[in-house]
Amino acid sequence: MALTTTLFLGIFILAGATIACQAKNKALVEQLSISIAFGTMSALAVMDLFPEAMENVGRDRTYIVWLCAAAGVLILKVLDNFIPDHDNVRGFVHDCTDANVIHIGIMSSVAIILHNIIEGMAVYSISTESVKLGLLVSLGVGLHNIPMGMMIYATLTKERRGRKIAFLMAAALSTFAGGLLMKLMWHMIDDLVVGILISLTLGMIVYIVLFELLVHLMHSGNRKLSAAGIAIGVAIIIISVLFE
């Protein structure tokens, strides 16, 4: 089930690409998915991931949680340096030559693939501990991946069909690859390692919430839709906790 959860994440990348290709109101779908992801991931970090990390690492080694969470933030910061501002993808497409746009799409896809391999490893470890928590993490991360899929499709629109599909499938399967890697290494992992991985995930989620989702929501013109999406996301987590 844990490995299936990582495969589930790839669906959101493909959903984003489909939206970029077919949807008439892409901005509305993107805004709602980002808002729900913000609420889900914020509540997850506070109500589930931090307590889970503390339990696995041990109360006497709290510093490990903070250090690994900081490392998770740093990892995504480094990877995001290779990803252009995906809020402005339409601007890139409008202002740049086709060759430059394709270059952006390729570099972005590579960075997203590396990013998702690491996320897949973390999600697998969490899902092994708790299937429900793993699914909730996947929901939050997956909703965040919808705009990523939209970005890959938009920047590779002029690329050859075969290469475009190859990059999209590689991005979609990268979380599964990370989960498979963790499955093969699982015999080497104890509670401390699981706690470290959960702490890294916590840091990644904090980074996504504060430096990607929040920035997008602050520049949103539809504050009511954003508020509704955030409320839905938080409610999903609260309901899941109540029915544990």
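In which helix is the place of Thr175? Thr175 sits in helix α7 (residues 161–185), helices being DSSP runs of H or I with at least four residues, numbered from the N terminus. This is a predicted model, in which local features need pLDDT of at least 70 and side-chain atom pairs count only at pLDDT 80 or more, while totals for chains, interfaces and linings use all residues. Residues are numbered from 1 along each chain as its sequence is written, and side-chain values use heavy atoms, with hydrogens and water left out.

Thr175 is buried, at a relative accessible area of 1% (buried is under 20%, exposed over 50%, partly exposed in between, with a 1.4 Å probe and protein chains only). Neighbours within four places in sequence aside, Thr175 is in contact (heavy atoms within 4.5 Å) with Thr6, Leu9, Gly10, Asn116 and Gly120.

| Side of α3 | Residues |
|---|---|
| Buried | Ile64, Val65, Cys68, Ala69, Gly72, Leu76, Leu79, Asp80 |
| Exposed, turned away from the buried side | Tyr63, Trp66, Leu67, Leu74 |

Seen down the axis of α3, the buried residues fall within an arc of 140°, so they line one face of the helix; the arc is that of the directions from the helix axis to the C-beta atoms.

The axes of α3 and helix α8 (residues 191–218) come within 7 Å and cross at roughly 50°, the axes being lines fitted to C-alpha atoms over the stretch in contact, with angles from 0 to 180 degrees between N-to-C directions. Residues of α3 including Ala71 and Val73 meet residues of α8, among them Leu192 and Tyr207.

Terms used. Helix = DSSP H or I, 4+ residues; strand = E, 2+ residues; numbered from the N terminus.
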